[in-house]
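Here are my notes on this model. Please read them with the structure open.

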Amino acid sequence: MPAKSKSQQMAAGAALAAKRGEKKKSELKGASKSMVDSMSEKELHDMASTKQKGKPAHSSKS
């Protein structure tokens, strides 16, 4: 599942780093904190590898 916004892509990258042990889980904030527990490493990789070009900074709430 590709990221819908730049912030979602960056949160997935942070969660992926924590899942791989490159970053402490306690350093995560916001969405990345819940992503690390609820998503698999493959799902996080797919979302984090989404290109940012043309994406909004934040996705709309609707």
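Is Glu 41 buried, partly exposed or exposed? At 38% relative accessibility, Glu 41 counts as partly exposed. Keep in mind that this is a predicted model.

1. Start with the salt bridge of Glu 41. Its side chain meets that of Arg 20, at 3.0 Å from N to O. Glu 41 lies in helix H3 (residues 41-48), and Arg 20 in the loop between H1 and H2, so the pair ties together parts 21 residues apart in sequence. Arg 20 is partly exposed, at 40% relative accessibility.

2. The whole structure has three salt bridges. Another joins the side chains of Lys 25 and Asp 37, at 2.7 Å from N to O. Lys 25 sits in the loop between H1 and H2, Asp 37 in helix H2, and twelve residues separate them. Lys 25 is partly exposed at 46%, whereas Asp 37 is exposed at 56%.

3. Asp 46 and Lys 42 also form a salt bridge (3.0 Å, N to O). Both are in helix H3; they are four residues apart, so about one helical turn separates them. Asp 46 is partly exposed at 28%. Lys 42 is exposed at 59%.

4. Now the helix packing. H1 (residues 6-19) and H2 (residues 31-38) pack at about 55°, with axes 8 Å apart. That angle makes H1 oblique to H2. Their crossing is right-handed. Contact residues include Ala 11, Ala 15 and Ala 18 of H1 and Met 35 and Val 36 of H2. The contact divides into eight nonpolar residues, two polar and one charged.

5. Gln 9 belongs to helix H1 and is buried, with a relative accessible area of 13%. Beyond its neighbours within four places in sequence, Gln 9 contacts Ala 3, Met 47, Ala 48, Thr 50 and Gln 52.

Technical notes: Residues numbered from 1 in each chain as written. Predicted model: local features only at pLDDT ≥ 70, side-chain atom pairs only at ≥ 80, totals over all residues. Heavy atoms only, no water. Axes fitted to C-alpha atoms, helices over the stretch in contact; angles between N-to-C directions. Helix = DSSP H or I, 4+ residues; strand = E, 2+ residues; numbered from the N terminus. Parallel < 35°, antiparallel > 145°, perpendicular 65-115°, else oblique. Left-handed = near helix turned anticlockwise from the far one by under 90°. Contact = heavy atoms within 4.5 Å. Nonpolar A, V, L, I, M, F, W, Y, C, P; charged D, E, K, R; others polar. Buried < 20%, exposed > 50% of the residue type's maximum accessible area, 1.4 Å probe, protein only. Salt bridge = Lys/Arg side-chain N within 4 Å of Asp/Glu carboxyl O.
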